[in-house]
Number of protein chains: 2
Amino acid sequence: MTMDFSRDKPIYSQLVDRICGDILKGKLELGDRLPSVREYAVETGVNVNTVQRVYKELEAMNITETKRGQGTFITSNEERIELLREEMKNQLAENFLTSIEALGFSKEEMLVVLKNKA
Amino acid sequence: MTMDFSRDKPIYSQLVDRICGDILKGKLELGDRLPSVREYAVETGVNVNTVQRVYKELEAMNITETKRGQGTFITSNEERIELLREEMKNQLAENFLTSIEALGFSKEEMLVVLKNKA
DNA sequence: CATAGTGTAATATGTGACTAGTACACTATG
DNA sequence: CATAGTGTACTAGTCACATATTACACTATG
């Protein structure tokens, strides 16, 4: 595959985002097994250690569970995923509002722009 | 002063944002002279080179003009500033929409969250 | 129990972004 | 022309990130 990564953010971080997105979008389902670190490394054209870091982060976020010798699985805890969804939504919104304020735009002004886009 | 900086973004970049914000907010006016690199370095508790990089970025964006031996001044070109305002507004909006999509949220869903915040 | 497939750990290396220290070049001012 | 105040250039150090390599620990499967 050899994915293309943006250069303004660590690869491991982009992969975490991607997997989270896939979970929230339903592309990955609760209890699903992720590819092995070695598989995923080849798929994405990245080093095994980088994938390991990705899986480590995901586990620290409690959205995956790792079983040695078996693989890494998405948690079956639906509440956790729902919580994740809310957390990320909130974080996104707050970051946005912070940026808006820092640059001196008003919320209303930005809402108009957003509505008129895509 | 010794400003406090977030650790997830380069200092110079945060300073650029800050100055752009101050301009857009009207805290800094067209033609104003910015502090000298050394002054600003002391004010913010940062190295001179970091400030220099900030001023360099600003100049590359055509929002300041630098005169050796005299100082760095905010452009008097009002059109440029207006353009900057539109650019940043657009960029902000687009980045936001990209993130939303990547995580599988809908625009409408996020607009609701935004309206109910701050 | 052998084997192949999991995740994990440790170490070394290269690279680029960021920051810092120091010295230089230009300009205004007296 | 001396001086102090500008911006600028050069060099070096630090750190996070990614990679490469190797070895280890656990589990399923035959």
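Buried means under 20% relative accessible area, exposed means over 50%, and partly exposed is whatever falls in between (1.4 Å probe, protein chains only). Keep that handy for the exercises below.

A word on the model: it is predicted, so local features need pLDDT of at least 70 and side-chain atom pairs count only at pLDDT 80 or more, while totals for chains, interfaces and linings use all residues. Residues are numbered from 1 along each chain as its sequence is written, chains are lettered from A and ligands numbered from 1 in the order in which they are written, and side-chain values use heavy atoms, with hydrogens and water left out.

**Exercise 1. Work out how B:Asp17 and B:Lys9 are paired, and classify each by accessibility.**

Step 1. Start with the rule: a salt bridge is a side-chain nitrogen of Lys or Arg within 4 Å of a carboxyl oxygen of Asp or Glu.

Step 2. Check the pair. The closest N and O atoms of B:Asp17 and B:Lys9 are 2.7 Å apart, and the two form a salt bridge.

Step 3. Classify the partners. B:Asp17 has 26% relative accessibility, so it counts as partly exposed. B:Lys9 comes out at 38%, so this residue is partly exposed too.

**Exercise 2. Describe the interface of chain B and chain A: which residues and helices build it?**

Step 1. Count the contacts, meaning heavy atoms within 4.5 Å. On that basis, 30 residues of chain B touch 30 residues of chain A.

Step 2. Get the area. Buried area is the accessible area (1.4 Å probe) that two parts lose on being put together, summed over both. Here the two chains bury about 2800 Å² between them, with 72% of it on carbon and sulfur atoms.

Step 3. Look at the polar side. Polar contacts are pairs of N or O atoms within 3.5 Å; within protein, one must be able to donate a hydrogen and the other to accept it, and residues adjacent in sequence count only if both atoms are side-chain atoms. Between chain B and chain A, twelve residue pairs are in polar contact (both at pLDDT 80 or more).

Step 4. Find the elements. Helices (H or I, at least four residues) and strands (E, at least two) are DSSP runs, numbered from the N terminus. On the side of chain B that touches chain A, α1 (11-25), α4 (78-102) and α5 (107-115) of chain B each supply at least two residues. The largest share, 13 residues, is from α4(B).

Step 5. Sort that side by type. Ala, Val, Leu, Ile, Met, Phe, Trp, Tyr, Cys and Pro count as nonpolar, Asp, Glu, Lys and Arg as charged, and the others, Gly among them, as polar. The tally for chain B is 16 nonpolar, four polar and ten charged.

**Exercise 3. Trace the salt bridges that cross between the chains, and one that stays within chain B.**

Step 1. The structure holds 14 salt bridges over all chains, and the rule finds six across the interface of chain B and chain A.

Step 2. Take B:Glu109 and A:Arg85, which form a salt bridge with their closest N and O atoms 3.5 Å apart. This pair runs from helix α5 of chain B to helix α4 (residues 78-102) of chain A. A:Arg85 sits at 16% relative accessibility, so it is buried.

Step 3. Now A:Glu109 and B:Lys89: their side chains meet in a salt bridge at 3.0 Å, N to O.

Step 4. B:Lys89 also bridges to B:Glu86, with the closest N and O atoms 3.8 Å apart. The two are three residues apart in helix α4 of chain B, so about one helical turn separates them. B:Lys89 is buried at 11%.

Step 5. Follow shared partners, and A:Arg85, A:Glu86, A:Lys89 and B:Glu109 join into one network.
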